[in-house]
Amino acid sequence: MSDIKKIKDDFLLKLKGNLDLNQVNQIKTDLFGKAGLISSQFKMLGKVAEKERKKFASDLNQVKDELQNLISEKIDDIETKEINQKLEKEKVDITLPERPFTQGKIHPVSQVIDEISSIFSEIGFSVEEGPDIENEYNNFTALNTPDNHPARDMHDTFYLDDKKELLLRTHTSPVQIRTMLNDKPPFKIIAPGRTYRSDSDQTHAPMFHQVEGLHIDKDINMGHLKGCLNYFIKEFFEVDKIKMRFRPSHFPFTEPSAEVDIGYEIKDGKIVIGEGDKWLEVLGCGMVHPNVLINVKVNPDEFQGYAFGIGIDRLAMLKYGINDLRAFFDCDYRWLNHFGFDPIDVPTNYRGLSR
Ligand code: DAH
């Protein structure tokens, strides 16, 4: 029997056995490695008598191909077997019930804060924030509200110490002071946030939300204030026309001061904003009092401007037809499910709240 035939028969037999990957690789080296049996046969080619050389080479190539194919098949088989064993072991039981997927909702107040911020940012306002715990100076004194001023009682303040130095801010107006003390004019900011007063009924909660607005520059007048608020209200309620009235009022930090009412009517039991002959108060505003500017080291002869304070909860109630303010803070999931908003990025496997 020729060497080639013997190699072939030997290795065919070996490869039929139950081998693991290492053993097959060893066979591969034994045959085709540098000193491998097949490789050695190729090296002998030159020594074979010329008339037998052609046949020898062809037989050798044939056996080489055959064994190589067999080895690749064997490796494939072993790998497939390994994968199948792994799959078998790590089998996922898809008959188990799925875990409930809960998708939160955005609270109407958060939604309205986002809407307000985006409307004002389109006309050049940036968003500022201040702390809920304020000092008496920023909340009252710097805002031109002296110690004996009735506004301090009017606000029903939650004081945090006996000296009445720290308090829960009664409005977002102290953010005006913080902003102006921190920077140089011009200023064009809004400041949404939580505010607190000792008050509770269907339309008042001890914690509520306001958004403050402040625009200070050279030559800012009440016309700018009116234009800005008119633009905002129309954008917010998504109407082309709005009836608005500026009612003279008083705030210590503005002169002149006004409260703004918007027109509405009730149609089929629902409030329709912008039409009708009923009036609804939505905000307070005015031209920033020179004393406030002096308190924050801004020269009132050079700079002036307007400010406003809007009740966010009230706007949310009006826009989304919610009639009891207290529900905002009850943490009732059924309420939130009904009045809340879906986040923009709702996952594709969203199946609603499973409660
Ligand atoms: N701070 C006022 C309040 O809580 C609202 C307000 C009125 C804010 C007039 C202002 C303003 O900035 O100019 O009722």
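Predicted model: local features only at pLDDT ≥ 70, side-chain atom pairs only at ≥ 80, totals over all residues.

Residues are numbered from 1 along each chain as its sequence is written, and side-chain values use heavy atoms, with hydrogens and water left out.

**Entry 1: the ligand**

A ligand oxygen sits 3.2 Å from a polar backbone atom of Ala307. Another entry in my list pairs a ligand oxygen with an N or O atom of the Gln210 side chain, at 3.0 Å. For the Glu212 side chain, the distance from an N or O atom to a ligand oxygen is 2.5 Å. I then checked the cover. Alone, the ligand exposes 350 Å², and the protein buries 92% of that. Accessible areas come from the Shrake-Rupley method with a 1.4 Å probe; for residues, only the protein chains shown count as cover.

How many residues surround the ligand? I found 15, and the closest are His171, Ser173, Arg197, Gln210 and Glu212. A residue counts as near a molecule or strand if one of its heavy atoms lies within 4 Å of it.

**Entry 2: Lys74**

I placed Lys74 in helix H4, residues 50–89. Helices (H or I, at least four residues) and strands (E, at least two) are DSSP runs, numbered from the N terminus. Is Lys74 buried or exposed? Lys74 is buried, yet has no salt bridge. Buried means under 20% relative accessible area, exposed over 50%, and partly exposed in between (1.4 Å probe, protein chains only). A salt bridge is a side-chain nitrogen of Lys or Arg within 4 Å of a carboxyl oxygen of Asp or Glu.

The nearest side chain of opposite charge is Asp77, 6.0 Å away. For charge, Lys and Arg count as positive and Asp and Glu as negative; His and the chain ends are not counted. I did find a polar partner. The backbone oxygen of Leu15 lies 2.9 Å from a polar atom of the Lys74 side chain. Leaving out residues up to four places away in sequence, Lys74 touches Leu15, Lys16, Gly17, Leu19 and Val24. Contact here means heavy atoms within 4.5 Å.

**Entry 3: salt bridges**

I counted 19 salt bridges in the structure. I picked out Asp132 with Arg194, where the closest N and O atoms are 2.9 Å apart. Asp132 lies in the loop between strand S1 (126–127) and strand S2 (133–135) and Arg194 in strand S4 (residues 187–196), so this pair ties together parts 62 residues apart in sequence. Asp132 counts as buried at 18% relative accessibility. Arg194 is partly exposed at 40%.

Next I looked at Asp261. Arg245 forms a salt bridge with Asp261, with 2.9 Å between the closest N and O atoms. Arg245 lies in strand S6 (residues 244–251) and Asp261 in strand S7 (residues 254–267), so the pair ties together parts 16 residues apart in sequence. Arg245 is partly exposed at 33%. Asp261 is buried, at 2% relative accessibility.

Arg247 also bridges to Asp261, at 2.7 Å. Arg247 is partly exposed at 27%. I noted a network of salt bridges too: Arg245, Arg247, Glu259, Asp261 and Glu281 are linked in it.

Most residues other than glycine have a negative phi, and most peptide bonds are trans. I looked for exceptions.

- Pro185 and Pro186 are joined by a cis peptide bond, with omega about 5°. Pro186 lies in the loop between helix H8 (174–182) and S4.
- Glu255 and Pro256 are joined by a cis peptide bond, with omega about -5°. Pro256 is in strand S7.
- Asn144 is not a glycine, yet has a positive phi of about 65°. Asn144 lies in the loop between helix H6 (136–139) and helix H7 (151–154), and is buried at 18%.
- Glu238 has a positive phi near 55°. Glu238 is in the loop between helix H9 (222–237) and S6, and is exposed at 64%.

Terms used:
Polar contact = N/O pair within 3.5 Å; in protein donor to acceptor, adjacent residues only side chain to side chain.
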